[in-house]
Amino acid sequence: MKIVVLDGYTLNPGDMNWDAIEALGELVVYERTAKEEIVSRAADAEIILTNKTPLSAECISQLSQLQYIGVLATGYNIVDAAAAAKRGIVVTNVPDYSTHSVVQLVFALLLAHASKVSEHSDAVHRGTWANGPDFSFTLSPLHEISGKTLGIIGYGQIGQQVARAALAFGMQVIVHTRTTKAEPGLEGVRFVTREELFRTADVVSLHSPLTPDTTGIVNSETLNLMKRSAFLINTARGGHVVEAELAEALNSGRIAGAGLDVLSVEPPPADNPLLHAANCIITPHIAWATVEARSRLMAIAANNLRSFLCADIKNQVN
């Protein structure tokens, strides 16, 4: 079978190999594929693997040999799964591969605001410490996160692991989620309404899927509920945030800062208001991208395909 990877660079920019997938068929890997190139590149492929290259109903209808689409991510909205199902094409995804990596970035973003490591390191390298009169200096007030309240919106695997890490840091944890459930080791977590969470949390961290109910949940109304000293962390989906309203809140000092790994459009247009907002740390959607997480992703993707070829389908989403 011919296997075509449409956008392999993001998963494997050269520090891994494709051996596990290559063992399953004739493999062709493209680093990136423009929309107008999809049909010509995958015309004779039985299997397509894609991360963010979209496969629309129109595109799928032109791929007569296609039997299987493997999404190299957890979210699979880039594939018209219903159109694929009508053709009998299996669509799979890769769940639960990056939980610990995402948790790590959540606290990296939070600690970047609390401890300002980068700013102080830059100042030291500029000579501020060497030329200063004191044994120590701070550029602005630093803060402990121990004793602070972390509010988590969304309580799946990632939200639960964020809660565990927060408890280990000595934080109080409150959660807003559709279904409340006690989890081992998380007995100290308290479930609250969305309004109470925004009003009382020192840090709000978003971990819910993007649904009609969660689209734009961070807006002028909820931002106005937050403490002026509070931080917002978003490693989930950019669509959770009304970006112009968050930028206004940051620039006016309505909240203390934000740490964002996702934006509504990626890569962002140059006029995205958050790119120039005050106290806003932005990373380029890297929470999932540690070597360890990408290695797990590759292994699960290969196992998904192997299972499909053995008529024992795993992680099917359509």
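Three aromatic pairs are present in the structure, a pair being two rings of Phe, Tyr or Trp (its six-membered ring) with centres within 6.5 Å; planes under 30 degrees apart count as stacked, over 60 as edge-to-face and the rest as tilted. The model is predicted, so local features need pLDDT of at least 70 and side-chain atom pairs count only at pLDDT 80 or more, while totals for chains, interfaces and linings use all residues. Residues are numbered from 1 along each chain as its sequence is written, and side-chain values use heavy atoms, with hydrogens and water left out.

One of the aromatic pairs joins Tyr-68 and Phe-308. It is tilted, at 4.7 Å centre to centre and 35° between the planes. Tyr-68 lies in strand β4 (residues 68–71) and Phe-308 in helix α11 (residues 291–309), 240 residues apart. Helices (H or I, at least four residues) and strands (E, at least two) are DSSP runs, numbered from the N terminus. Both Tyr-68 and Phe-308 are buried (under 20% relative accessible area; exposed is over 50%, partly exposed in between; 1.4 Å probe, protein chains only).

Phe-107 and Phe-169 form a stacked pair, because their ring centres lie 5.2 Å apart and their planes are at 20°. Phe-107 belongs to helix α5 (residues 99–115), Phe-169 to the loop between α7 (157–168) and β7 (172–176), so parts 62 residues apart in sequence are tied together. Phe-107 is buried at 6%. Phe-169 is partly exposed at 36%.

The structure contains nine salt bridges, each a side-chain nitrogen of Lys or Arg within 4 Å of a carboxyl oxygen of Asp or Glu. Among them, Asp-44 and Lys-2 meet at 3.0 Å, N to O. Asp-44 sits in the loop between α2 (38–42) and β3 (47–50), and Lys-2 in strand β1 (residues 2–5). Lys-2 is buried at 15%, whereas Asp-44 is partly exposed at 42%. Arg-32 and Glu-31 form another salt bridge, at 3.6 Å. Arg-32 is exposed at 53%. Arg-32 also lies over the face of Tyr-9, 4.4 Å from the ring centre (NZ of Lys or CZ of Arg within 6 Å of the ring centre and within 35 degrees of the ring normal).

An automatic or database assignment gives domain 1 (2–97 + 291–310) and domain 2 (98–282). Their C-alpha centres lie 33 Å apart. Five residues of domain 1 contact five of domain 2 (heavy atoms within 4.5 Å). Zero salt bridges are found across this interface.
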